[in-house]
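Hi everyone, thanks for coming.

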Amino acid sequence: MVVSEAGEARGYRASATMPFAAEFRRQASRRRTQLALGFMVLLPLIILIAFQFDSGDDDNGRNEFSSLVELATSGGLNFTLFSIFVSASFLLVVVVALFCGDTVASEASWGSLRYLLAIPVPRARLLTVKLVVALAYSGLALLLLAGTALLVGTLRYGWSPLRSTVAAELEPTEGLLRLLAVLGYLAVVLLVVAGLAFLLSVTTDAALGAVGGAVLLWILSSILDQITALGAVRDFLPTHFSTAWLGLLSTPVQTDDVVRGCVSAIGYATLFWGLAFWRFTRKDITS
């Protein structure tokens, strides 16, 4: 074997190992990826069918969000907003946790992780590719949900202004821009879930434990955020600004909590990813 001055086999390039496209295709062939993305497409259709059987007799409540239910059938934009609203607090959290928590832990549980590193794929390279692919699928899931809801909602209810009790009526073009801003903010907030799930994924061989642990910790943070006795401590919880996207729908737009939420989410995600890389590069891989 011809060895370079750096001690590597001649022709070997660490950056050429485990290509992003190959890992993306590999994850696309997995059943959990297909089911998760498929459900993102199916959910708006389920909601649409449910609305067809709605008699209108149920009381949807008198809170500030009731208009999301009442106006969901008034246009494609409102239907999309409703689909996002009912998915943001739990479903999207589970999907992101699934993609990011399963990615490394599943390799360990199958016993294939050590073989990937023996190719050899540098540990940092492996984690980077795994993380980027997981984030790509998480973003794709979010876009599929919103895109499908917008398509079927517009076909069924038409292209109408965006309306809600937290904003004046918005023309369709401006309403679409507001929805895109909402999706962008949700994507940033969900980075916390991605970081936490990824950290758990490199610390355990049980994919279910990584996914479930991330979801449970997110739920715990949401519960603690409802306890007003905690006072200013709640501001430091990762879920405290998770609903700040509602400010993007108000008139005028309220961005203070949105900015704080972005700073908080990016800070937590960076911390979790940093710990994941630190842990994995020092971990004994036996599976």
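So, Phe39: it counts as partly exposed because its relative accessibility is 33%, where buried means under 20%, exposed means over 50% and partly exposed is in between, with a 1.4 Å probe and protein chains only. Do keep in mind that this is a predicted model, where local features need pLDDT of at least 70, side-chain atom pairs count only at pLDDT 80 or more, and totals for chains, interfaces and linings use all residues. Residues are numbered from 1 along each chain as its sequence is written, and side-chain values use heavy atoms, leaving out hydrogens and water.

Phe39 sits in helix α2, residues 31–52; helices here are DSSP runs of H or I, at least four residues, numbered from the N terminus.

Now, helix α4, residues 76–88. Its 13 residues reach 18 Å from first C-alpha to last, close to the 18 Å expected, which is 1.5 Å times one less than the number of residues. Eleven of those 13 are buried, so α4 is largely enclosed by the rest of the structure. Among the buried ones are Phe79, Phe82 and Ala88.

Ala88 brings us to the largest pocket: with Ser89, Ser242, Thr243 and Trp245, Ala88 lies nearest its centre, out of 20 lining residues. Which elements give two or more residues to that lining? They are α4, α8 (172–203) and α9 (207–225). The most comes from α9, with four residues.

By pocket I mean an open set of points on a 1 Å grid over the protein atoms alone, where a 1.4 Å probe fits, with protein on both sides within 12 Å along at least five of seven lines; lining residues have an atom within 4 Å of a point.
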